[in-house]
Amino acid sequence: MPALTPEAPTLRRLTNDQFANTVRDLLGDDIVIPGELDPDSRVAGFLSAGASVAAFSPRGTENIESFAYILAAQAMEPDRRDLILGCTPSGTVDAACSRQFVEEFGRRAWRRPLSADEVERMATLADTAGDTLADFHDGLEFAIAGLLQSPDFLYRVELGADADGDLPRRYTDFEIASRLSYLIWNSTPDDALLDAAESGLLSTDDGLLAEVERLLAAPRATAGLQSWFSDWMHLADLPELYKESSVFPHMSDTLPDAAEQEALRTFAYVAIDTDGDLRDLVTTRTTFVDRELAALYDLRAPVRDGFAAVQHPEESMRRGLLGQAAFLALNAHPVSSSATLRGKFIREVFLCAQLPGPPADADTSIPPVTEEARTLRDRVQIHLTDPGCAGCHRNMDLIGLGLENFDGIARFRTMEEGAQIDASGELDEVPFADAVGLAEVLHGSEDFSPCLVKAMVRYSNGYREEPGQFEALEHLAELFAGDGHRLEPLVVELTTSPLFLQAGAVDDGPLEEAYE
Amino acid sequence: MSKFLLDRRTVLRGLLGGAAVTVALPPLEAMLNVNGTAFADGTALPRRFVLYFWANGMIPDEFTPIGVGEGDAWQLSPELAPLADVKSKLSVVTGMQVKVPNRIPHWSGAAGLLTGIDPIGEEGDWTWAGPSIDQVFAQEIGGETRFRSLEVGMRSGGGVSFNGPNNRNPSEDSPRAFYDRIFGTGFVAPGEDPIIDPTIGLRRSVLDAVMEQTADLEGRVGTADKQRLDQHLSGIRDLETRLQRMEEDPPNLASCSRPDEPPADDSFTDLLDKGRLMADLAIMALACDQTRVLSYTFTGPVDNYVYPGIDDGHHQLTHNEIAPQPQVDAIVKQIMGELGGFVGKLDSVVEGDGTLLDNLAMLGTSGLSLGRTHSLDEYPLIVAGGACGFLKQGVHYRSETRENASKVMLSLQRAMGLTRASYGEGDAFTDEWVAEIER
């Protein structure tokens, strides 16, 4: 076993997606989600890791209270309440029934059994309110609102527990249940998973593996694992995509959503439906378009409404994610493309390099179009030749220039300002001629496959890896490569490894150190 | 209204559905003292703070006024010309420098000025080291009003108000949502009866239970998590205060009235129209004493909005446009026009013998000065309002020695009545203020 020093455990607030998924699982698929919690923030490239440090603002806390009552009222609607209420109340106050409800619903909402004190605390709210409002179900809404406003619901409380003797600290079985379900389903554990935790099955190798495989086999695993991909690719930024429509007539209110669908469907096709090599995400000629994307890409439009699988022709420059609107438009400017932003994203997100930010006092202006310098490549030459810029910019621009055949919204082009575009470049000193060549070089880069593993662990564990985890990560990366770079074996190997199961000690040292 | 009611603030106590309800009759404008600077019982008119933030700085050579001193001793610069109508109501401080290390473009300046502390965290994952100045004031005076502070903006996703590390106060960018929050359920206009609702007491009991749960959890978590939960707890306490306010008499300020409802679909053909509507609603929230601390983010750091008649996004242009950057200059003038309009509106709200503007301190600033180089020299600092007689208005103070911009922040702390004797840490620390903008 590789050496491992696990990170100190931290509370993780539910992301907005997790909040919505969790509420639907608790109260029913047709529940109306009243709104969003505080915006998610990104740390180490992931919203899932930002959740490890973010705190709720006063405004967010105000929203939470309001959402809790809106949800509680829906839960107690006559045609829905029987699904979550396991007893028939005997009057406006029924202490036994309210306690039974708090025990059962509370275990699902807090992802663990409640203590007797906690049951009493929440059930008393229902009893008092039932008396005041002269209605049992109206009263129960206040217990539900209390459960949903509590930190035990809003945060994933995974703190670990000391084990017997010299054994390392490990997450408790209920905490492991949460870690599994939020990783694979991006939602709360179901009753079967909580039962497995309660019976101690998750402490056994066979019991744990059986639950991992059960979760992976469930249809909802596709959407759950798409959440990892979406977080990795920053697809959550798409709704804010801003393009100047006078420059890009293909921009529309619906394009960002279509671009997101294309990327998600491509991921599901490569990683899940065909159980393929994840590196093929950047080389596949298969993609999924609706009529709007077909027009953007100059492909034959699908006959029916909605999305259809299509193959880009062999001679097309479009390959995989790097030829898609989501990546190309997000990593560009409102009126132009950007070799720097595209190269930076590939360097940081696909290859896990940490690039320093630009010096704050750098003059970052790009020379204007002139007779001699019409293409972006000619205009950013200073990035590549000035010693003050080249150190970093060669690491980004030489990659991104390979995508210059795609404009700021992913339209294919061969000319810019009347001049022929040269889309050659290099990645780690391996030259390529164009976007197809870039995709192939990236696919073969020795950093790409381990970076996919890091991306999974950052998302799963909610922090940027530290030296104490490097050896375990390398071991996991070897297993991943040995399994053909496939998603399902990666999830299985991770979730049954100490990297996922072991917890560091709670860090109660001085606050300054927490930010060093 | 009979004199009896005026003289005797009748308190009705009732019991409804088991919940105690307190109903107090409102004080009236007639209860102001003779010179209109305080209520008759000696309570001063509330002092407020407003932060007005815009993205991507300005062009110092076009921004710095001509001449220094008071009144006619100085003239507005080309970029400040749109402030002509309110020149006598504000001061401009130039030549100052934000003293934190300039490591994070757009954010070192914003965080360095508004917290006085260098941002913390790992490369690429920076966050603010402490609360922004609006929240420092909110900690002091926020408990007096229904909302501890309010944050609004014209654009989504921005905002420079922080409670502490990794805890931004998100700006509300929907006029409709903002209206519903402030002027919808829970708002009591002057002269209206307080809200009588048995569920208010029940909701407070739920908050008590949630605070007990939170305190239990705090005993098990690490130091950083404890700080996060403390911030969450303080938000819960704010909510309790708010529920309590609903049962009390509404604040009575002559200019307060329920505004018209904004369009439900939030559709605006011109973003600047939306920004003006947000400003109107936010100013009415101040006039109605719903809050005493407001952050108005016109545009947040690095904003890239393409202004009407301009070729490219604002941020892009600050880097790509060739000097002297006529399009950037035009955008700054447009922003200053909006800022001037905002100050003018504050000055149109009558309070006693003066206006809302006389009873507040407003800081107008950005995340840097010259956008092209992310400079923290020649920092843009506009201080408007009288702060109930504390601030001198109509001054241009210019530093020729790159003084610490924190000095302006200390003047604002003094204007807001804070007893703290210093502002900032490290190189940004100061225990001096800008006496020239104070009375």
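In which helix of chain B is Asp216(B) found? Asp216(B) belongs to helix α6 of chain B, and that helix will come up again below. The model you are looking at is predicted.

**Chain A as a whole**

- Chain A contains 25 helices and 8 strands.
- Its radius of gyration is 26 Å, close to the 24 Å that the globule rule gives for 516 residues, so chain A is as compact as a globular protein of that length.
- Taken along the principal axes, the C-alpha atoms of chain A fill a box of roughly 85 × 55 × 45 Å.
- Of the 516 residues in chain A, 49% are buried.
- If you take the contacts in chain A between residues at least 6 apart in sequence, 66% of them join residues at least 24 apart.

**Where chain B touches chain A**

- On the two sides, 60 residues of chain B are in contact with 60 residues of chain A.
- Four elements of chain B each supply at least two residues to the side that touches chain A: β8 (167–168), α6 (198–218), α7 (223–246) and α9 (314–320).
- Which element gives the most to the side of chain B that touches chain A? That is α7(B), with 12 residues.
- Sorted by class, the side of chain B that touches chain A has 29 polar, 19 nonpolar and 12 charged residues.

**A helix pair in chain B: α6 and α7**

- The axes of α6(B) and α7(B) come within 10 Å and cross at roughly 165°.
- An angle over 145 degrees counts as roughly antiparallel, which means that α6(B) is roughly antiparallel to α7(B).
- The crossing of α6(B) with α7(B) is left-handed.
- On the α6(B) side, the contact is made by residues including Ile200(B), Leu207(B), Val210(B) and Met211(B). On the α7(B) side, Leu229(B), Leu233(B), Ile236(B) and Leu239(B) are among them.
- Charged residues take part too, including Arg203(B) and Glu218(B) of α6(B) and Lys226(B) and Glu240(B) of α7(B).
- By class, the residues of this contact between α6(B) and α7(B) divide into 11 nonpolar, 2 polar and 5 charged.

**A helix pair in chain A: α21 and α22**

- Helix α21 (residues 448–461) and helix α22 (residues 467–482) of chain A pack at an angle of about 120°, with their axes 9 Å apart.
- That angle makes α21(A) oblique to α22(A).
- The crossing of α21(A) and α22(A) is right-handed.
- From α21(A), the residues Ser449(A), Pro450(A), Val453(A), Lys454(A) and Val457(A) meet Leu473(A), Leu476(A), Ala477(A), Phe480(A) and Ala481(A) of α22(A).
- The residues of the contact between α21(A) and α22(A) divide into 8 nonpolar, 1 polar and 1 charged.

**Two alanines with positive phi in chain A**

- Ala44(A) sits in the loop between α1 (16–27) and α2 (47–50) of chain A, and its phi is near 55°, a positive value in a residue other than glycine.
- Ala134(A) lies in the loop between α6 (116–133) and α7 (136–149) of chain A, and its phi is positive at about 55° although it is not a glycine.
- Is Ala44(A) buried or exposed? Ala44(A) counts as buried because it has 21 C-beta neighbours inside 10 Å.
- Ala134(A) has 13 C-beta neighbours inside 10 Å, so Ala134(A) counts as partly exposed.

**Two prolines to find**

- Pro367(A) lies in the loop between α16 (339–350) and α17 (376–379) of chain A. With 13 C-beta neighbours inside 10 Å, Pro367(A) counts as partly exposed.
- Leaving aside its neighbours within four places in sequence, Pro367(A) is in contact with Ala373(A) and Arg379(A).
- Pro367(A) and Gln381(A) are 14 residues apart along the chain, and their C-alpha atoms are separated by 9.5 Å.
- Pro324(B) lies in the loop between α9 and α10 (326–346) of chain B. A cis peptide bond, with omega of about 10°, joins Ala323(B) and Pro324(B).

**Back to Asp216(B)**

- Asp216(B) is partly exposed, because 16 other C-beta atoms lie within 10 Å.
- From C-alpha to C-alpha, Asp216(B) and Val293(B) are 32 Å apart in space, and they are 77 residues apart in sequence.

Technical notes. Residues are numbered from 1 along each chain as its sequence is written. Chains are lettered from A and ligands numbered from 1 in the order in which they are written. This is a predicted model: local features need pLDDT of at least 70, side-chain atom pairs count only at pLDDT 80 or more; totals for chains, interfaces and linings use all residues. Two residues are in contact if their C-beta atoms, placed from the backbone, lie within 7 Å. Axes are lines fitted to C-alpha atoms, for helices over the stretch in contact, and angles run from 0 to 180 degrees between N-to-C directions. Angles under 35 degrees count as roughly parallel, over 145 as roughly antiparallel, 65 to 115 as roughly perpendicular and the rest as oblique. A crossing is left-handed if the near helix is turned anticlockwise from the far one by less than a right angle, and right-handed if clockwise. A residue is buried if 20 or more other C-beta atoms lie within 10 Å of its own, exposed if 12 or fewer, and partly exposed in between; C-beta atoms are placed from the backbone. The radius of gyration is taken over C-alpha atoms; the globule rule is 2.2 Å times the number of residues to the power 0.38.
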